[in-house]
Number of protein chains: 2
Amino acid sequence: MDQNLIDFTTQVVDECLPGKSIDCVIIGFEKQQLKVLLLKWKYEDIWCLPGGFIRKDEDMDQAAQRILEMRTGLKSVYLNQFYTFGSKKRSRLNEEVQLTRMRHVLEEIHGKNEKFVTWITQRFITTGYFALVDIRKTAPHPDMLSDRCEWKSLSNIPGLMMDHKEIILKVMEHLRVQLNYLPIGISLLPQKFTMQDLQKLYEAILKKPLERSNFQRKMLKLGFFIRHEKQLTGAANKAPYLYSFDEMKYNELIEKGIGFRY
Amino acid sequence: MDQNLIDFTTQVVDECLPGKSIDCVIIGFEKQQLKVLLLKWKYEDIWCLPGGFIRKDEDMDQAAQRILEMRTGLKSVYLNQFYTFGSKKRSRLNEEVQLTRMRHVLEEIHGKNEKFVTWITQRFITTGYFALVDIRKTAPHPDMLSDRCEWKSLSNIPGLMMDHKEIILKVMEHLRVQLNYLPIGISLLPQKFTMQDLQKLYEAILKKPLERSNFQRKMLKLGFFIRHEKQLTGAANKAPYLYSFDEMKYNELIEKGIGFRY
DNA sequence: GCAAAAGTGTTCTCTATACACCCATGG
DNA sequence: CCATGGGTGTATAGAGAACACTTTTGC
């Protein structure tokens, strides 16, 4: 296990571009709540976004893809770049507070690969990517520096490293503004879902309630839904229809932007 | 003059972050056409976006600000990051074709500062910024590697270095999608303008004609225009009113996004 | 007077919104 | 029976699109 860490840090220093990183905001939707995938640092109570570095022989987009796959097991999901964070204060881990908080991990590595600690504590410019995934299809997996990898509700984010909180906020703003051009429905929901699921998803992103009956009619009029048999929920009320997307039509419309006002 | 070039290249290598650059798409509007500010390489018939590097002690945003000011003389105009280009093929100048085309410049520098040529021909990741400026207030100024700095019509862009054409296309797409959230009117037009000017601006960005009378009414209803005396154009027709923006109201609405459909 | 562009008006359609109403389900 | 949430209907206000009409200007 120790050898793994040494190999990993050596590889990073030798094969990756210095001073440039990628952070992924991997977003899911479960129990009517938006969630984000986070990693917890070994030994310390501090969390961070799944991130990584760009190999010298790899496109930045490929690197993001690779990082996403390593943390979730997922290939070919919606993944897009949204912003690059370049504040001069952005040095990975080298701020006083950070150093103190991550002392244990860095000390462990320092004993094994001093070069890596120098490499990783320099100033970094990070490019943020966001992915929209179906939580139920993911198999979260921590990286070499973390011991936990979990879905956290957006309304209840733990203490984050550096500016990672800011990065998440930026994504949420991006989601809201670009909503009409993003395949949120098809990416975040399970194959079959109810109109209520979809509405709650929109409400979570827009952070405001929408009128139930109008939402349903507006959505259905878009014409990319397939209606299935009803689902008996066991609740004391009428059972809702299940829907799925006509993927062709859905993607076509999302490309152009569904001209919606909320 | 030679000493300047040596000083410049030495400074860049010593004081800037390696492998990271900034390219600015500086956009203006004149004679009812969108224009972009471009530089022409010394000795060669190849053009490029105004760009530069990030000093080790400077935020990325500050660097973009500095580059913009050096090329246009402008401070505090609308300037925003829009995308980061990280293809592995993105090495500044080191592709065969590029090397051939830029032979003269590189040879000149090579004789004076070999280190710089190595530094600048490595793989670069560049972050694109776009600025919206009033052309009439700019004083274009070439950089150390170029001998011309000019406004070029978007419909007639000369041969560009590397992926700079792609970068410009990406900006235009961004403008279209984000239109309701961008202060295009106040940034690109002179202080006083006619409704036709504004309409032509929107049409240039959206690349489609808009209905004159409806455009006028919709715009005026937004409530951030100040109407001034009429302007006699000398043409054989009714003189149009001049307008300016109520900056407070304009910026407020742009923040939220003017809920427009075109 | 005439052509051309500006400004305003009118009509029709479509959308958004609010809310009423009935339906299905389990207790 | 009732309470709860689902699905559909309807009425009203406002936005968008097309186009008619009038006004102003220089020739």
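This is a predicted model: local features need pLDDT of at least 70, side-chain atom pairs count only at pLDDT 80 or more; totals for chains, interfaces and linings use all residues.
Residues are numbered from 1 along each chain as its sequence is written, chains are lettered from A and ligands numbered from 1 in the order in which they are written, and side-chain values use heavy atoms, with hydrogens and water left out.

**Exercise 1. Determine how chain A is related to chain B.**

Step 1. Superpose the copies by least squares on the C-alpha atoms of residues with pLDDT of at least 70 in both.

Step 2. Compare the two sides, taking contact as heavy atoms within 4.5 Å. In chain A 29 residues are in contact with 29 residues of chain B. Of the interface residues of chain A, 100% are also interface residues in chain B, so the copies meet through the same surface.

**Exercise 2. Describe the interface of chain A and chain B.**

Step 1. Take the buried area, the accessible area (1.4 Å probe) that two parts lose on being put together, summed over both. It is about 2100 Å², with 48% on carbon and sulfur atoms.

Step 2. Count the polar contacts, pairs of N or O atoms within 3.5 Å; within protein, one must be able to donate a hydrogen and the other to accept it, and residues adjacent in sequence count only if both atoms are side-chain atoms. Across the interface, 13 residue pairs are in polar contact, both residues at pLDDT 80 or more.

Step 3. β1(A) gives the most to the side of chain A that touches chain B, with four residues.

**Exercise 3. Locate the protein surface near DNA strand C.**

Step 1. Count a residue as near if one of its heavy atoms lies within 4 Å of the strand. The count is 26 residues, and the closest are A:Ser213, A:Asn214, B:Arg212, B:Ser213 and B:Tyr241.

Step 2. Inspect individual atom pairs. A polar side-chain atom of A:Asn214 is 2.8 Å from a base nitrogen of DNA strand C, and a backbone N or O atom of B:Tyr241 is 2.5 Å from a phosphate oxygen.

Step 3. Assign the elements. α9 (212-221) of chain A and α9 (212-221) of chain B give two or more residues to this surface, and α9(A) gives the most, with five residues.
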